[in-house]
Amino acid sequence: MFGSCVLALLIQRLAELSCGRSWHRIRDCLESLQATEFFNLNYRFFCRNEVSKKVRDILNALKIQTPKQLLHLEKLS
């Protein structure tokens, strides 16, 4: 358990150094990135919301690609 806590703190610190922001600001900003489930009689799918410039800047600083608009599509029986 202790090892995983140390790893989490190291990841947080790397994110802070990469973004030039505190972990709390990074986390608060990334909380706006969400996925929503939609469905009808034939399909179920998950879409992400619009990505703000702040979120895009953080993802770019962390070298993480912006998630696709359509995250998952499933045909229902």
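**Rings, core and cysteines**

Modeller: This is a predicted model. A search of the whole structure turns up one aromatic pair.

Colleague: Which rings are in the pair, and how far apart are their centres?

Modeller: The rings belong to Phe-38 and Phe-45, with centres 5.5 Å apart. Their planes sit at 25 degrees, so the pair is stacked.

Colleague: Why does that angle count as stacked?

Modeller: Because planes under 30 degrees apart count as stacked.

Colleague: Is Phe-38 buried, exposed or partly exposed? And Phe-45?

Modeller: Phe-38 is partly exposed, at 39% relative accessibility. Phe-45 is partly exposed too, with a relative accessible area of 24%.

Colleague: New topic. Which residues make up the largest nonpolar core?

Modeller: Eight residues make up that core. They are Ala-15, Cys-19, Ile-26, Cys-29, Val-51, Val-55, Ile-58 and Leu-59.

Colleague: Which helices supply at least two residues each?

Modeller: α1 (2–19), α2 (23–30) and α3 (53–61) do. The largest share comes from α3, with three residues.

Colleague: What is Val-55 in contact with, leaving aside its neighbours within four places in sequence?

Modeller: Val-55 is in contact with Cys-29, Leu-30, Ser-32 and Leu-33.

Colleague: Is Cys-19 buried or exposed? What about Cys-47?

Modeller: Cys-19 counts as buried, at 17% relative accessibility. Cys-47 is buried as well, with a relative accessible area of 16%.

How values were computed. Residues are numbered from 1 along each chain as its sequence is written. This is a predicted model: local features need pLDDT of at least 70, side-chain atom pairs count only at pLDDT 80 or more; totals for chains, interfaces and linings use all residues. Side-chain values use heavy atoms; hydrogens and water are left out. Rings of Phe, Tyr and Trp (its six-membered ring) pair if their centres lie within 6.5 Å; planes under 30 degrees apart count as stacked, over 60 as edge-to-face and the rest as tilted. Buried means under 20% relative accessible area, exposed over 50%, partly exposed in between (1.4 Å probe, protein chains only). A nonpolar core is a set of buried Ala, Val, Leu, Ile, Met, Phe, Trp, Tyr and Cys residues joined through side-chain atoms within 4.5 Å. Helices (H or I, at least four residues) and strands (E, at least two) are DSSP runs, numbered from the N terminus. Contact means heavy atoms within 4.5 Å.
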